Amino acid sequence: MPSKPSSITMDAVYTAPGYLFRRMQQIAVSIFVEECRAFDLTPVQYAALVAIHTHPGIDATRLSAVIAFDRSTLGNVIERLESKALIERKPSREDKRVKLLHLTKSGAAVLRDIMPSVEHAQARMLQPLKPADRKTLLALLTQLVDLNNEASRVPLRAEDALEHLGKSN
């Protein structure tokens, strides 16, 4: 016997995990942009700067894997960071077609200076929750993201990308 179909209501939408994740992502970006306004960076630009700082000489394909961001859209992020003089692209010695990414001195300074704002933004996102609930939420979100990684349009592939990067540098 087929199960009874769910009723079509906005309450069903408002309580659906996908809707709640999307809303929280909107809220998270809004808080990040507000807290980091003085630096004129988006969360993805920030993640790219951290990855480039952590892995100087990374190329765009590997950067995409490390931050789990669509390669075609990442090109715009890289262009914006370059136009702000926060990163520079240098040709690879092995293959001049491949551009390797490096922080500029200005990029390193911005990354250092933005950290308190980023930390405040992260704290604000979780502030309404009790400390124990924050820890539980982060543990559950980490578990969900890890277990659903392959369902993403851009699965996180940091280890594979970095393994290759280590061999080429």
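The model is predicted, so local features need pLDDT of at least 70 and side-chain atom pairs count only at pLDDT 80 or more, while totals for chains, interfaces and linings use all residues. Residues are numbered from 1 along each chain as its sequence is written, and side-chain values use heavy atoms, with hydrogens and water left out. Helices (H or I, at least four residues) and strands (E, at least two) are DSSP runs numbered from the N terminus.

**The sheet and the helices packed on it**

- An open sheet of 3 strands runs in the order E1-E3-E2 with antiparallel pairing, where two strands pair if DSSP finds at least two bridges between them.
- Strand E1 (58–59) and strand E2 (87–91) are the edge strands, each pairing on one side only.
- E1 pairs with strand E3 (residues 99–103) in the antiparallel sense over 2 bridges, and Ile58 stands opposite Leu101 in E3.
- Helix H3 (residues 43–54) packs on the sheet and touches E1, E2 and E3, its direction making about 100 degrees with that of E3; contact means heavy atoms within 4.5 Å, and axes are lines fitted to C-alpha atoms, for helices over the stretch in contact, with angles from 0 to 180 degrees between N-to-C directions.
- Helix H5 (residues 71–83) also packs on the sheet, where H5 touches E2 and E3 and has a direction at about 110 degrees to that of E2.

- H3 has 12 residues and reaches 16 Å from its first C-alpha to its last, close to the 16 Å expected at 1.5 Å a residue, the expected span being 1.5 Å times one less than the number of residues.
- In H3, the residues Gln45, Tyr46, Ala48, Leu49, Ala51 and Ile52 are buried, a term that means under 20% relative accessible area, with exposed over 50% and partly exposed in between (1.4 Å probe, protein chains only).
- The 22 residues of helix H6 (residues 105–126) should span 32 Å at 1.5 Å a residue, which agrees with the 32 Å between its end C-alpha atoms.
- H6 has a kink of about 40 degrees at Met115, shortly before the proline Pro116, where the bend at a residue is the angle between axes fitted to the seven residues ending there and the seven starting there.
- The buried residues of H6 include Gly107, Leu111 and Ile114, and what covers the buried residues of H6 includes helix H2 (17–35), H3, E3 and helix H7 (131–147).
- Val110 lies in H6 and counts as buried at 17% relative accessibility; leaving aside neighbours within four places in sequence, Val110 is in contact with Phe39, Leu41 and Leu86.

**Aromatic pairs**

- The count comes to 2 aromatic pairs, by a rule in which rings of Phe, Tyr and Trp (its six-membered ring) pair if their centres lie within 6.5 Å, and planes under 30 degrees apart count as stacked, over 60 as edge-to-face and the rest as tilted.
- The rings of Tyr14 and Tyr19 have centres 5.5 Å apart and planes at 50 degrees, so the pair is tilted.
- The rings of Phe32 and Tyr46 have centres 5.9 Å apart and planes at 50 degrees, so this pair is tilted; Phe32 in helix H2 and Tyr46 in helix H3 are 14 residues apart, and both are buried.

**Positive phi in two loops**

- Most residues other than glycine have a negative phi.
- Ala68, in the loop between helix H4 (60–67) and H5, has a positive phi near 55 degrees.
- Ala85, in the loop between H5 and E2, has a positive phi of about 60 degrees and is partly exposed at 40% relative accessibility.
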